[in-house]
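Trainee: I have a new structure on my screen and would like to learn how to read it. Could you take me through the features one at a time?

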Amino acid sequence: MYRIGEGFDVHRLETGRKLRIGCVDIPSPVGSVAHSDGDVLAHAIVDAILGAIGEGDIGRHFPPSDARWKDADSKIFLAEAARLLAARGGRIANLDSTVILERPKLAPHIPAMCATLAAALGCESSVVSVKAKSAEGLGAVGAGEAVEARAVVLVEVRA
Ligand code: MG
């Protein structure tokens, strides 16, 4: 049977932080404020997968209060979500996502994001889609103060 999950994440942006999106380090004067590596897209994808299989959210599995996840590489979170899915005999049928960021432009990095996310999830990169938009100057994202990501995943699991 098929199940669907959606995920959302937002991180504040500050000068001097690292900007990692979709497991790719993006050259930028600002980066995500976070306990882990602040990968907004990876976190939205993890939430989408966990949601699809009724496993709660990323905070339940990787609480920010746990020192183990300080500066943690979000590939660990993706791999764990994929492991929980596989434990149900499941696989990712399709994963679509959108990153909303005012600058820098992400288009040149999208192929690397799809390849790296797929490797972390153990799926084909052909089923991973990443899209990027600006917020047209509106709100906190438009002001360059935040980055958002949304993800929808369709998984096939044992009935
Ligand atoms: Mg997050």
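Predicted model: local features only at pLDDT ≥ 70, side-chain atom pairs only at ≥ 80, totals over all residues.

Trainee: Okay, metal first. Which residues are the protein donors of the magnesium ion?

Mentor: Donors are N, O and S atoms within 2.8 Å of the metal (3.2 Å for Na, K and Ca); water is not among the atoms, so sites may look incomplete. Here the magnesium ion has Asp9 (OD), His11 (NE2) and His43 (ND1), at 2.1 to 2.2 Å. Along the chain, these donors have the spacing D-x1-H-x31-H.

Trainee: Are Asp9 and His11 buried or exposed?

Mentor: Buried means under 20% relative accessible area, exposed means over 50%, and partly exposed is in between (1.4 Å probe, protein chains only). Asp9 and His11 are both buried.

Trainee: Next, the rings. How many aromatic pairs does the structure hold?

Mentor: Rings of Phe, Tyr and Trp (its six-membered ring) pair if their centres lie within 6.5 Å; planes under 30 degrees apart are stacked, over 60 edge-to-face, and the rest tilted. This structure holds three such pairs. Take Phe62 and Trp69: their ring centres are 4.9 Å apart and the planes are at 85 degrees, so the pair is edge-to-face. Phe62 also pairs with Phe77, and that pair is tilted, with 4.3 Å between centres and 35 degrees between planes.

Trainee: Where do Phe62 and Phe77 lie?

Mentor: Helices (H or I, at least four residues) and strands (E, at least two) are DSSP runs, numbered from the N terminus. Phe62 lies in the loop between α2 (58-61) and α3 (75-87), and Phe77 in helix α3, so the pair ties together parts 15 residues apart in sequence. Phe62 counts as buried at 9% relative accessibility, and Phe77 does too at 3%. Together, Phe62, Trp69 and Phe77 form one aromatic cluster.

Trainee: How many salt bridges does the structure hold?

Mentor: A salt bridge is a side-chain nitrogen of Lys or Arg within 4 Å of a carboxyl oxygen of Asp or Glu. There are 12 in this structure. One of them joins Arg12 and Glu14, with the closest N and O atoms 2.8 Å apart. Asp73 and Arg20 form another, with 3.8 Å between the closest N and O atoms. This pair links distant parts of the chain, 53 residues apart: Asp73 sits in the loop between α2 and α3, and Arg20 in strand β2 (residues 20-21). Arg20 is buried at 14% relative accessibility, whereas Asp73 is partly exposed at 29%.

Trainee: Which residues are linked with Arg20 in a network of salt bridges?

Mentor: Arg20 is linked with Asp25, Asp37 and Asp73. Elsewhere, Arg91 and Glu156 meet in a salt bridge at 2.8 Å, N to O. That one links Arg91 in strand β5 (residues 91-100) to Glu156 in strand β7 (residues 146-156), 65 residues apart.

Trainee: Last one: how do I read the backbone?

Mentor: Most residues other than glycine have a negative phi, and most peptide bonds are trans. In this model the peptide bond from Arg103 to Pro104 is cis, with omega near 0 degrees. Pro104 is in the loop between β5 and α4 (110-121). Asp71 has a positive phi, near 60 degrees, and is exposed, with a relative accessible area of 51%. Glu136 has a positive phi as well, near 55 degrees, and lies in the loop between β6 (128-133) and α5 (139-142).

Note on methods:
Residues numbered from 1 in each chain as written. Heavy atoms only, no water.
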